[in-house]
Amino acid sequence: MRLLLGLLVLWASSSHAEVCVTDDLSRQVCLPKAAERIIVLSPGIAEQTFAAGAGSKLVAAVSFSDYPEAAKKLPRIGGYNRFDLEAIVALKPDLLIAWSEGNPAEQLAQLDALGLNIYYSEPFEFDDIASTIVRIGALAGTGEHALAVANHFLSGIQDLRARFEDAPPVQVFQQIWKNPLMTVNDQHLIAKVTRLCGGQNIFGDLNQLSPRIDLEAVISANPEAIVAGGMGEDSPEWLDDWRRFDGITAVQRNNLFFIPPSTLQRPTPRLLEGATLLCDYLETARERR
Amino acid sequence: MSGANFQASAIRPFRPLPLIILAGIALASLLIAVRVGSVEIALLDLWQVLCGNGNSLHQTLVFELRLPRALAAFATGGLLAVAGSLMQVLLRNPLADPYILGLSSGSAVGALFAMLMGLTGLIVSGAAFAGALISATLVFTLANGGGSWTPTRLLLTGVIISSGWSALVTFMLAISPSDKLPGMLFWLMGDLAYSGSPWPALLVLISTCLILTPLGRSLNVLARGPMQAATLGIQVKQMEWGIYIFASLLTAFAVTTAGSIGFVGLIIPHMLRLVLGNDQRLILPASALAGGSLLTLADTLARSIIAPQQLPAGVITAMLGVPTFLYLLHRSR
């Protein structure tokens, strides 16, 4: 993967004038020169763009773009699900980075029709996160910095994978919401981190990405660890409610863990922090056997 | 609720048989709710658990999860159905339900605002209760403003205030961050999963039935129209105020327990009236039993039909209620 990323940048920087990358919808995005005025259409992408070293080229972002600190000061062009087209056009961006699943397709089509350059982002796997950073860096002319960040992220993930590949599995219940009780299936990024750490998501087979589930089902599945964190605000007190069900192994062994949602929720390099924490917790759970 | 239905009542002697049947149905619905869930509990095991024995997993499931939730569902359904019958008497309008005067949207504004502020648990319930009462007070004050107090004026004020609250709800949903949305949407759909302790709602329901039963005769007269009621010596205005405040409180308790669950408050009183006639002495306690049973069964289905995934109970009340109601309506022609 690292070699592939290197090639990507090499190819992107080979012709000095024009930069081209392939986005997550397999479209070619070509700019006559490196982007100088970028607008990002999701909080996660804002974070990715800063990670790629292109934060100084951002001219606007959507509401709730809150990381890093500098992202909070960017002008806003609306929320990720409804943005102000006139404000976008007036800022004369030379690159828009869109979130293909979250942004409204109609508004993106209008922006496309106006002749703006749009890069569609939809990272599903750890590799996608790294390559997104590299591609944004390539488009913004900060390719070398982006490559270093991406490689650091990937090698961190690979270290974790190597450490826990053969670790004895831990049955994990991932709680992302309390009222109603919600979890994730195996397609969710959080579940992928759990798998990386040698955990098994007890509700991995359900159809929905973040299904609402029954308290009874958790009790009868009897997980060895319960991990809260995901969509909600910081709510470690969620975990205390589990203590009244002392038939659950996770409760008996006190394997109730909290992970700050912002480190597990977004497909950005911070995921490595969340992943490291989760892996440590599951290792603790193994030690308590 | 046609005129003919109104005429036929009041003189008839009180018949307890329907209430005994409904009480049986209510008991059966509670038993089903305690028996059904993701974990299979055999009837014999259930009997042991109810006698205080049985294994600890089953005891936890029955006494900590299923029974409190079933009782909360029963109380909520009962409160909504009683409040619906009262509103229909008060407004003399067949479309009246507990929410028609803006109580559910008022409480939704309270609850969603609390969630938007990042608050959780009891504070959200408190905000919902406060929202419902603020809405009721607002509607009552405005409708009462000119001194003239007619059902039409009350109804219009309620409907308008209600749309105002709904707009506020939409506004809050539009500006809230995506990570708060699931909680908010599920609250709006109405759900027993976060009902907490069933006792407040259950106590309110029981005391309601005790208070209202002796008033049944006066309510029967009032349902025929304020003129007849006044000539028969009923203090119409006080009675109407009382009904309004009472129904509002019942609805506020129901909404605080389970969010806004639709259909129970509208359909149950109508169904009972089609079958039993319009005698409030019978309709009010029957509403409590039938509304409670319907919501208990609906909630049991909602949590077991595609388990471990959960549905909002409101979906099931509509699916069960609408065909049953249409059938009764068709048959009564």
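The model is a predicted one. Chain A holds an open sheet of four parallel strands in the order β4-β3-β7-β8, and an open sheet of four strands, also with parallel pairing, in the order β10-β9-β11-β12. In chain B, helix α4 covers residues 56–91, and α4(B) supplies the largest share of the side of chain B that touches chain A.

**Sheet β4-β3-β7-β8 of chain A**

- The order of the four strands in this open sheet is β4-β3-β7-β8 (chain A), and their pairing is parallel. Its edges are formed by β4 (58–60) and β8 (118–121) of chain A, each of which pairs on one side only.
- On average, and with direction ignored, neighbouring strands of this sheet are turned by 30 degrees against each other.
- Strand β7 of chain A, residues 95–99, runs parallel to β8(A) and is joined to it by four bridges. Within this pairing, Leu96(A) has Ile118(A) of β8(A) as its bridge partner.
- Helix α2 of chain A, residues 43–51, lies across β3 (38–40), β4, β7 and β8 of chain A. The helix runs at about 140 degrees to β3(A).

**Sheet β10-β9-β11-β12 of chain A**

- This open sheet has four strands in the order β10-β9-β11-β12 (chain A), paired in parallel. The edge strands are β10 (199–201) and β12 (256–258) of chain A, and each pairs on one side only.
- Neighbouring strands here are turned by 35 degrees against each other on average, direction ignored.
- Strand β9 of chain A, residues 170–175, pairs with β10(A) in the parallel sense over three bridges. The bridge partner of Val170(A) in β10(A) is Gly199(A).
- Helix α11 of chain A, residues 271–287, packs on the sheet and touches β9, β10, β11 (225–228) and β12 of chain A. Its direction makes about 160 degrees with that of β11(A).

**Strand β11 of chain A**

- β11(A) is joined to β9(A) by four bridges, and the two strands run parallel. Gln174(A) has Val227(A) as its bridge partner in β11(A).
- With β12(A), β11(A) pairs in the parallel sense over three bridges. Here Val227(A) stands opposite Phe257(A) of β12(A).
- In a regular strand, side chains alternate between the two faces of the sheet. In β11(A), Ala225(A) and Val227(A) point one way, while Ile226(A) and Ala228(A) point the other way. All of these residues are buried.

**Helix α4 of chain B**

- At 1.5 Å a residue, the 36 residues of α4(B) should span 52 Å; the C-alpha atoms at the ends of the helix are 51 Å apart, which agrees with that expectation.
- A bend of about 35 degrees occurs in α4(B) at Arg66(B), and a proline, Pro68(B), follows within four residues.
- The helix is mostly covered, with 28 of its 36 residues buried.
- Arg92(B) follows α4(B) and has a positive phi, near 45 degrees.

**Contact between chains A and B**

- The contact involves 23 residues of chain B and 23 residues of chain A.
- On the side of chain B that touches chain A, the elements giving two or more residues are α4 and α8 (181–189) of chain B. The largest share, six residues, comes from α4(B).
- By class, that side of chain B has 11 nonpolar, eight polar and four charged residues.

- Gln265(A) is found in helix α10 of chain A, residues 262–265. Gln265(A) counts as buried because 22 other C-beta atoms lie within 10 Å, and the cut-off for a buried residue is 20 or more.
- Between Gln265(A) and Lys178(A) there are 87 residues in sequence and 16 Å in space, C-alpha to C-alpha.
- Trp165(B) has its place in helix α7 of chain B, residues 151–175. Trp165(B) is likewise buried, with 22 other C-beta atoms within 10 Å.
- Trp165(B) and Ala108(B) are 57 residues apart in sequence and 8.2 Å apart in space, C-alpha to C-alpha.
- Not counting residues up to four places away in sequence, Trp165(B) touches Gly102(B), Ser105(B), Gly106(B), Ala108(B), Val109(B) and Ser135(B).

Definitions and conventions:
Residues are numbered from 1 along each chain as its sequence is written. Chains are lettered from A and ligands numbered from 1 in the order in which they are written. This is a predicted model: local features need pLDDT of at least 70, side-chain atom pairs count only at pLDDT 80 or more; totals for chains, interfaces and linings use all residues. The expected span of a helix is 1.5 Å times one less than its number of residues. The bend at a residue is the angle between axes fitted to the seven residues ending there and the seven starting there. A residue is buried if 20 or more other C-beta atoms lie within 10 Å of its own, exposed if 12 or fewer, and partly exposed in between; C-beta atoms are placed from the backbone. Two strands pair if DSSP finds at least two bridges between them. Axes are lines fitted to C-alpha atoms, for helices over the stretch in contact, and angles run from 0 to 180 degrees between N-to-C directions. Two residues are in contact if their C-beta atoms, placed from the backbone, lie within 7 Å. Ala, Val, Leu, Ile, Met, Phe, Trp, Tyr, Cys and Pro count as nonpolar, Asp, Glu, Lys and Arg as charged, and the others, Gly among them, as polar.
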